[in-house]
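Let's take a quick tour of a protein fold. Have a look at the sequence and the 3D view, then read on.

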Amino acid sequence: MAYDEGLAERIRERLSTDPDITEKRMFGGIAFLHRGNVAVGVTGDLMVRVGPDTTEQALTHPGTRIFDMTRRPMRGWVVVAGSAVAAQP
């Protein structure tokens, strides 16, 4: 599945002022790394590092679910459905 380049560009614009952000192709999409650690990934959906203390709060937003790639839920990460962010400015 191809990643949403429009969404990646929106993220790129938002993160462009941080010199510690780099990009890398991963997960069949693109990841934005902060000091070498994945912070956001764009595939068909959006993977976001929110931190363990704010996971539950992040899950209250529409279209979010816990990140679970290997049947081991990862606290501190959420997935946002691509459809939930597709039309956001």
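Two strands count as paired if DSSP finds at least two bridges between them. Helices (H or I, at least four residues) and strands (E, at least two) are DSSP runs, numbered from the N terminus. What you see is a predicted model, where local features need pLDDT of at least 70, side-chain atom pairs count only at pLDDT 80 or more, and totals for chains, interfaces and linings use all residues. Residues are numbered from 1 along each chain as its sequence is written, and side-chain values use heavy atoms, leaving out hydrogens and water.

**The sheet**
- Six strands make an open sheet in the order β1-β2-β3-β4-β6-β5, with antiparallel pairing.
- β1 (21–26) and β5 are the edge strands with a single partner each, so one side of each has no neighbour in the sheet.
- From one strand to the next, the twist averages 30° (axes are lines fitted to C-alpha atoms, for helices over the stretch in contact, and angles run from 0 to 180 degrees between N-to-C directions).

**Around β6**
- β6 (residues 74–80) pairs with β5 (residues 64–67) in the antiparallel sense over four bridges, and Ile66 has Val78 as its bridge partner in β6.
- Six residues sit between the strands of this β5 and β6 hairpin, where Arg71 takes a positive phi near 65°.
- β4 (residues 46–49) also pairs with β6 over four antiparallel bridges, with Trp77 as the bridge partner of Arg49.

**A buried threonine**
- Thr55 lies in helix α2 (residues 55–58).
- Thr55 counts as buried because its relative accessibility is 0% (buried means under 20% relative accessible area, exposed over 50%, partly exposed in between, with a 1.4 Å probe and protein chains only).
- Leaving aside residues up to four places away in sequence, Thr55 touches Val50, Ile66, Arg75, Gly76, Trp77 and Val78 (contact means heavy atoms within 4.5 Å).
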